[in-house]
Amino acid sequence: MEQFVNDTRARSRVGAGLLVALGAAFSFGMSGAWARGLIDAGWTPGAAVTARIWVAALILLVPTVLALRGRWALLRRNAGMIVAYGLLAVTATQLFYFQAVAVMDVGIALLIEYTAPVAVVLWLWLRRGEKPTGRSILGAVIAFVGLVLMLDILTGARVDAGGILWALGAMVGAATYFVLSAREDTGLPPIALAGAGLLLGALGLTAAGAVGVLPMAWNFDDVAYRFGPVSEMTVPWFVPVLAIGLLATALAYVLGIASTRMLGSRLASFVALAEVIAAMLFGWLLLGQLPGPIQLLGGVLVMAGVVIVKLGEPAVQEEQVAPVPV
């Protein structure tokens, strides 16, 4: 009887975890579409991502302080990691992704970023000598073929080289997230790492904008969205800003952390691939963007390749957290 009760609780926990993980994926997936509307309205990607990170950082400030209460020495002990996490894994990833969606479809940009697990496998091989398994190599090859199809290179279509480079930059930032998050010796609560990284990133972006390194332009004009395949609608500027900061960042981070604890890192990371589907869905609903058949086939191959790569990971990597959200 006790075993039956335990099994029932475990299944209930997994079921609830799957719902939470899907909620996180769809929250993260809407960021690109909302940001593209701001960019089309005259905002620079730098201004859009700065607003996003500031809103999320302020919302997570109290939970971060509570998580670190009595353990402030952890910040000093892990200062280098927090700086790298905040500037590379969080800020650079989101900024480069927003730069990419400014000139290409949000779903395609996110799919390129989601080749990050392949980059991590290569990094571990070159840096630490951890030779990838045959399954991981097969997955990398499938993902590369999918990437070629997704970019529609073979048909001679126009390819925005700048957008591809920005998306690849986001992929490097995501890979950095994987590597840093795999460390188990920091003692930092996950929400504290996210909150501290977001606050540091917000401060860094603001400083970069103040000295003119990062172009900053914004306005308070209404922002136009499609809201379906045919109808168009305008909303006040603060609607997409709050949607990106509150729903697509702060809430998404909390749901992502909770789902990872409920499901385990590997299952949560697989469910997180739903973010790509969500990005394409919101890209269609809010912007009218829909990839062609060849690009959709390429996207399926990229996702399949990433799944195969992750299935080929050694069991010791099981405790890594889910893929970086954008």
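Which hand does the crossing of H7 and H14 have, left or right? The crossing of H7 and H14 is left-handed, a term used when the near helix is turned anticlockwise from the far one by less than a right angle, with right-handed used when the turn is clockwise.

The model is predicted, so local features need pLDDT of at least 70 and side-chain atom pairs count only at pLDDT 80 or more, while totals for chains, interfaces and linings use all residues. Residues are numbered from 1 along each chain as its sequence is written, and side-chain values use heavy atoms, with hydrogens and water left out.

The protein chain contains 14 helices and two strands. Helices (H or I, at least four residues) and strands (E, at least two) are DSSP runs, numbered from the N terminus. Of the 326 residues in the protein chain, 51% are buried. Here buried means under 20% relative accessible area, exposed means over 50%, and partly exposed is in between, with a 1.4 Å probe and protein chains only. The accessible surface of the protein chain is about 14,800 Å², and carbon and sulfur atoms hold 70% of that surface. These areas come from the Shrake-Rupley method with a 1.4 Å probe, and for residues only the protein chains shown count as cover.

Contacts give another view of the chain. A contact means heavy atoms within 4.5 Å. Among contacts in the protein chain with a separation of 6 or more, 87% are between residues 24 or more positions apart.

Return now to the opening pair. Helix H7 (residues 116-128) and helix H14 (residues 293-311) have axes 9 Å apart and pack at an angle of about 40°. That makes H7 oblique to H14. Axes are lines fitted to C-alpha atoms, for helices over the stretch in contact, and angles run from 0 to 180 degrees between N-to-C directions. Angles under 35 degrees count as roughly parallel, over 145 as roughly antiparallel, 65 to 115 as roughly perpendicular, and the rest as oblique. Pro117, Val118 and Val121 of H7 make the contact with Val306, Val309 and Lys310 of H14. By class, the residues of this contact of H7 with H14 are five nonpolar, no polar and one charged. In this scheme Ala, Val, Leu, Ile, Met, Phe, Trp, Tyr, Cys and Pro are nonpolar, Asp, Glu, Lys and Arg are charged, and the others, Gly among them, are polar.

Val141 is partly exposed, with a relative accessible area of 46%, whereas Leu149 is buried at 18%. From C-alpha to C-alpha, Val141 is 7.3 Å from Gly305, although the two are 164 residues apart in sequence.

Next come helix H3 (residues 45-68) and helix H11 (residues 238-263), whose axes come within 8 Å and cross at roughly 50°. H3 and H11 are therefore oblique to each other, and their crossing is right-handed. Residues of H3 in this contact include Ala51, Arg52 and Val55, and those of H11 include Val241, Ile244 and Tyr253. The contact of H3 with H11 has twelve nonpolar, two polar and one charged residues.

Helix H5 (residues 79-101) packs with helix H6 (residues 106-113) at an angle of about 140°, and their axes are 9 Å apart. That makes H5 oblique to H6. The crossing of H5 and H6 is right-handed. Thr93, Tyr97, Ala100 and Val101 of H5 meet Val106, Ala109, Leu110 and Glu113 of H6. Six of the residues in the contact of H5 with H6 are nonpolar, one is polar and one is charged.

Gln94 also belongs to H5. Is Gln94 buried or exposed? Gln94 is buried, with a relative accessible area of 1%. Apart from neighbours within four places in sequence, Gln94 is in contact with Val49, Arg52, Ile53, Leu198 and Tyr253.

Two places remain. In helix H2 (residues 31-40), nine of the ten residues are buried, among them Trp34 and Arg36. Just after H2, Gly42 has a positive phi of about 115°. Gly15, in helix H1 (residues 2-29), is partly exposed at 31% relative accessibility. The C-alpha atoms of Gly15 and Leu263 are separated by 9.0 Å, and the two residues are 248 residues apart along the chain.
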